[in-house]
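Trainee: I have a structure open and would like to go through it with you. Can we take it piece by piece?
Mentor: Go ahead and show it.

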Amino acid sequence: MLVIKDIELVGLLHWNGEGKVPVDTLLRLERQRCHQHDQNAIVCIDIEGHCRGYIAKDQAVTLAPFVDSCDQEVFMKVVGKRQLRFLEQGPMQLCDIILHVDSEEASKYMSSLKCLNTIII
């Protein structure tokens with residue numbers, strides 16, 4: 001299993017009036033290549049099909065090729081409560097991506113995810 005920790009879920013106020021997502025919520029990651037502000041945009045969708053936010057732009061640069069290359073849907077779990085980032089950026093919540101793959105396949109992804117907090121379990 002491959003775990004990518006400390007992924008920032010942002011855009012909470014734009015997509016979710018409460019400005020937070022409940023801890024333990026599973027979100028499916030979906031690339032949004034036609035996004036007008038970010039060609040690496042990754043939208044986070046709950047089980048009801050609603051957008052709950054995006055992966056932070058600085059992390060999406062690294063994660064977009066990973067999500068594109070996965071042979072399975074990629075999910076992340078909300079693990080942290082809402083936190084404030086820099087005032088102009090709005091709130092965020094920390095999440096972990098968990099990908100159920102064998103250690104050989106997990107190792108294949110590790111080199112492209114070096115700058116993220118990634119572990120193999």
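Trainee: Is G90 buried or exposed?
Mentor: This is a predicted model, and in it G90 has a relative accessibility of 18%. Buried means under 20%, so G90 counts as buried.

Trainee: Where does G90 lie?
Mentor: In the loop between β6 (83–84) and β7 (91–99).

Trainee: How far is G90 from G19?
Mentor: Their C-alpha atoms are separated by 9.2 Å, while the two residues are 71 residues apart along the chain.

Trainee: Moving on to charges. How many salt bridges does a search of the whole structure find?
Mentor: Seven. One of them joins R28 and E73, with 3.9 Å between the closest N and O atoms. That pair links distant parts of the chain, 45 residues apart: R28 is in strand β2 (residues 26–31), and E73 is in the loop between α2 (57–69) and β5 (74–78).

Trainee: Why do such side chains pair at all?
Mentor: Side chains of opposite charge can pair when their charged atoms come close.

Trainee: What about accessibility for R28 and E73?
Mentor: R28 is partly exposed, at 22% relative accessibility. E73 comes out at 51%, and the cut-off for exposed is over 50%, so E73 counts as exposed.

Trainee: Which residues are linked with R28 in a network of salt bridges?
Mentor: E30 and E73.

Trainee: And what does D68 do with R33?
Mentor: Their side chains form a salt bridge, 2.6 Å from N to O. D68 is partly exposed, with a relative accessible area of 38%, and R33 is exposed, at 53%.

Trainee: Are R52 and D46 buried or exposed?
Mentor: Both are buried. They also form a salt bridge, the closest N and O atoms being 3.2 Å apart.

Trainee: Let's look at α2. What span should that helix have?
Mentor: At 1.5 Å a residue, its 13 residues should span 18 Å. The end C-alpha atoms are 19 Å apart, which agrees.

Trainee: Where is the kink in α2?
Mentor: At L63, shortly before the proline P65. The kink is about 40°.

Trainee: Which residues in α2 are buried?
Mentor: Among them are Q59, A60, L63 and F66.

Trainee: Back up to F66. Which residue forms an aromatic pair with F66?
Mentor: Y109. A search of the whole structure finds one aromatic pair, and this edge-to-face pair has 5.0 Å centre to centre and 85° between the planes. F66 is in helix α2 and Y109 in helix α3 (residues 103–110), 43 residues apart.

Trainee: How buried are those two, F66 and Y109?
Mentor: F66 has a relative accessible area of 2%, and Y109 has 4%. Both values are under 20%, so F66 and Y109 count as buried.

Trainee: What lies over the face of Y109?
Mentor: K108, at 5.1 Å from the ring centre.

Trainee: Last one: V43. Where is its place, and what is it in contact with?
Mentor: V43 is in strand β3 and is buried, at 5% relative accessibility. Leaving aside neighbours within four places in sequence, its contacts include R28, L29, C51 and Y54. The C-alpha atoms of V43 and Q32 are separated by 6.5 Å, and these residues are eleven residues apart along the chain.

Notes:
Residues numbered from 1 in each chain as written. Predicted model: local features only at pLDDT ≥ 70, side-chain atom pairs only at ≥ 80, totals over all residues. Heavy atoms only, no water. Salt bridge = Lys/Arg side-chain N within 4 Å of Asp/Glu carboxyl O. Helix = DSSP H or I, 4+ residues; strand = E, 2+ residues; numbered from the N terminus. Buried < 20%, exposed > 50% of the residue type's maximum accessible area, 1.4 Å probe, protein only. Expected span 1.5 Å × (residues − 1). Bend = angle between axes of the 7 residues up to and from the residue. Contact = heavy atoms within 4.5 Å. Phe/Tyr/Trp six-rings, centres within 6.5 Å; stacked < 30°, edge-to-face > 60°. Lys NZ or Arg CZ within 6 Å of the ring centre and 35° of its normal.
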